[in-house]
Amino acid sequence: LIMDMANLSGDSVNAALESYEKGSMLRSQIFEYSEKLRLLQLEVADFATELIARYQPVARDLRFIQSCMDIAYGFSRFGRYSYDIADVLETIGPISECDKSAVIEMAKTVKDMISLSVDSLRKLDKDVSKKLYMMDDSVDALYRSYLRLILTPSKVNYEYSEVRCFISALLILRYLERISDHACYISDCVHYIVTADSSPRR
């Protein structure tokens with residue numbers, strides 16, 4: 001179930017970013033991804049609760065089950081934020097003339113972070129957290145940089161279309177920043193499963 005969620009959440013984020021970059025309208029498809037991820041999260045929680053009640057696991061087995069619930073929540077958030085991105089695109093309308101460089105730059109990093117977090121789960125690699133948090137720092141820096149850019153007073157009166165570009169980019173950057181956070185949390189869960197210690201950054 002967890003790896004099914006991992007694959008589906010990656011597809012959801014990719015679809016949302018393709019929709020942004022290429023202008024394709026995939027909102028209904030992304031909604032289906034998000035809803036399926038939500039239902040799978042509930043299924044994981046029910047299964048985990050049953051395992052704990054029936055077998056009363058301890059030590060690493062218990063950590064694994066508890067962490068799977070947290071990981072499932074993280075993957076469900078990938079789906080939700082993907083849908084939020086699609087919703088922004090439908091609400092704002094066509095943005096084909098916008099400068100998309102900031103979002104595309106962050107999107108590349110975030111997609112790499114998703115892949116790393118899934119790989120860390122698949123291999124139970126506790127050492128991925130450090131790299132992910134370094135990448136998360138760069139994502140945060142890019143978000144703050146763009147925020148400062150659009151808040152800096154300008155003598156130029158922006159056209160309505162430019163304002164739409166700024167709003168859509170800022171919202172999507174924020175959703176990507178949250179996805180990057182959850183990728184870190186997933187690797188934190190792996191670190192906890194393996195070591196029984198919380199990640200130093202959590």
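**Exercise 1.** In which helix does Leu-149 lie, and is Leu-149 buried or exposed?

*Solution.* The model is predicted, so local features need pLDDT of at least 70 and side-chain atom pairs count only at pLDDT 80 or more, whereas totals for chains, interfaces and linings use all residues. Residues are numbered from 1 along each chain as its sequence is written, and side-chain values use heavy atoms, with hydrogens and water left out.

Step 1: Leu-149 belongs to helix α5, helices being DSSP runs of H or I with at least four residues, numbered from the N terminus.

Step 2: Its relative accessibility is 52%, so Leu-149 counts as exposed (over 50% relative accessible area; buried is under 20%, partly exposed in between, with a 1.4 Å probe and protein chains only).

**Exercise 2.** Find the disulfide and locate both of its cysteines.

*Solution.* Step 1: Taking a disulfide as a pair of cysteine sulfur atoms within 2.5 Å, the count comes to one.

Step 1: The bond joins Cys-98 to Cys-165, with an S to S distance of 1.9 Å, and links distant parts of the chain, since Cys-98 sits in the loop between α3 and α4 while Cys-165 is in helix α6, 67 residues apart.

Step 2: The angle about the S-S bond is -80°, and the link of Cys-98 and Cys-165 is left-handed; both cysteines are buried.

Definitions and conventions:
Helices (H or I, at least four residues) and strands (E, at least two) are DSSP runs, numbered from the N terminus.
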